[in-house]
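Dear colleague,

Please find below the structure that I am handing over to you. My findings follow directly after it.

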Amino acid sequence: ARNKFDDLEKALQTDRVFFGKLEQLLDPGTMGFELPVMEFPESGPILNLGDYQPVRGYLHSTSLRFSYGSNKGRPRDDWQQVAADLPPALMITELESLGFGAILIHRDAFSDRAQSLVRFLAESGRGQMIEDETNGTRVCIRLEPADPPRLPKINEYIPIDFGDGWDRWDLTRTHSRRWTTGLGKVA
């Protein structure tokens, strides 16, 4: 029978190695944007990514900064989800303009294990990456941060509360939109 402490020690060692490699690749103070965006506290799991798993970067890095987690119920943090929902080319432009030097992707939260996103990033010239070699659950891709970066435009990200009469979201790589089923109301 496997010992839970042995599993925990193996996970901690994997984290130490992975985040140690990131610290070697990235300049001190580099900001890493974590995908998927998860609210804090208690967002709940996303597919196979457990709640609070993205906090592991904070625990194993002394020189890098990470975007996890988006403060639940605070519209000023909604820019993170807006940026994550952009088509990949626009997401890169947005994150780099905000000064992010890396995207840290938690593969367990994506049905395709983020293969299409990682492929797009590589094809866009953002191919320098570090993969978690032990279990392949994370990959970090280097970005080219703007100098100087700009702050998020908070007012652009205030959510619209859709009332009655709206259909589900239509999301693709190039857009996100919502259709009315007749007379849609915005609260």
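The residues that line the largest cavity of this predicted model divide into 8 nonpolar, 2 polar and 1 charged. They are L22, L26, T30, M31, G32, L64, R65, F66, A102, L104 and C140. The space inside the largest cavity comes to about 40 Å³, and a search of the whole structure finds 1 cavity of 30 Å³ or more. Rolling a probe the size of a water molecule over the atoms shows where empty space is left. Three strands, β1 (31-35), β3 (65-66) and β5, each supply at least two residues of the lining.

Those strands belong to an open sheet of 5 strands with mixed pairing, in the order β3-β1-β5-β7-β6. Its edge strands are β3 and β6, each of which pairs on one side only. Strands of a sheet pair through backbone hydrogen bonds, either parallel or antiparallel.

I begin with β1. Of its 5 residues, 4 are buried, so that strand is mostly covered. Strand β1 pairs with β3 in the parallel sense over 2 bridges, and G32 stands opposite F66 in β3. Strands β1 and β5 also run parallel, and 5 bridges join them. Here G32 stands opposite A102 in β5. G32, F66 and A102 are among the residues that line the largest cavity.

The other part of the sheet is antiparallel. Strand β5 (residues 100-106) pairs with β7 in the antiparallel sense over 5 bridges, and the bridge partner of A102 in β7 is R142. Strand β7 (residues 138-142) is mostly covered, with 4 of its 5 residues buried. Strand β6 (residues 129-131) pairs with β7 in the antiparallel sense over 3 bridges. Within this pairing, I130 has C140 as its bridge partner, and E131 has V139. C140 is also one of the residues that line the largest cavity. The hairpin of β6 and β7 has 6 residues between the strands, and G136 in this hairpin takes a positive phi near 65 degrees.

Next comes the packing of nonpolar residues. In soluble globular proteins, nonpolar side chains tend to be buried together. The largest nonpolar core has 19 residues, of which F33, L35, L95, F100, I103, I105 and L121 touch the most other members. Two or more residues of this core come from each of β1, α3, α4, β5, α5 and β7. There is also a second, separate core of 11 residues, which includes F18, F19, L22 and A102.

Helix α4 (residues 88-97) deserves a separate note. This helix is largely enclosed by the rest of the structure, because 7 of its 10 residues are buried. The buried residues are P88, M91, I92, E94, L95, E96 and S97. What covers them includes β1, α3 (79-85), β5 and α5 (115-123). L95 is also one of the residues that touch the most other members of the largest nonpolar core. Just after α4, G99 takes a positive phi of about 95 degrees.

Finally, I summarise the protein as a whole. Its secondary structure comes to 5 helices and 9 strands. Read along the sequence, these elements follow the pattern α-β-β-α-β-β-α-α-β-α-β-β-β-β. Of the 187 residues in the protein, 35% are buried. Among the contacts with a separation of 6 or more, 65% are between residues 24 or more positions apart.

One is G32, which stands opposite F66 in β3 and opposite A102 in β5.

With kind regards

Note on methods:
Residues are numbered from 1 along each chain as its sequence is written. This is a predicted model: local features need pLDDT of at least 70, side-chain atom pairs count only at pLDDT 80 or more; totals for chains, interfaces and linings use all residues. Side-chain values use heavy atoms; hydrogens and water are left out. Buried means under 20% relative accessible area, exposed over 50%, partly exposed in between (1.4 Å probe, protein chains only). Two strands pair if DSSP finds at least two bridges between them. On a 1 Å grid over the protein atoms alone, a cavity is a set of points where a 1.4 Å probe fits but cannot get out, and a pocket is an open set with protein on both sides within 12 Å along at least five of seven lines; lining residues have an atom within 4 Å of a point. Grid points are joined across faces, edges and corners, and a volume is the space filled by probe spheres set on the points. Ala, Val, Leu, Ile, Met, Phe, Trp, Tyr, Cys and Pro count as nonpolar, Asp, Glu, Lys and Arg as charged, and the others, Gly among them, as polar. Contact means heavy atoms within 4.5 Å. A nonpolar core is a set of buried Ala, Val, Leu, Ile, Met, Phe, Trp, Tyr and Cys residues joined through side-chain atoms within 4.5 Å.
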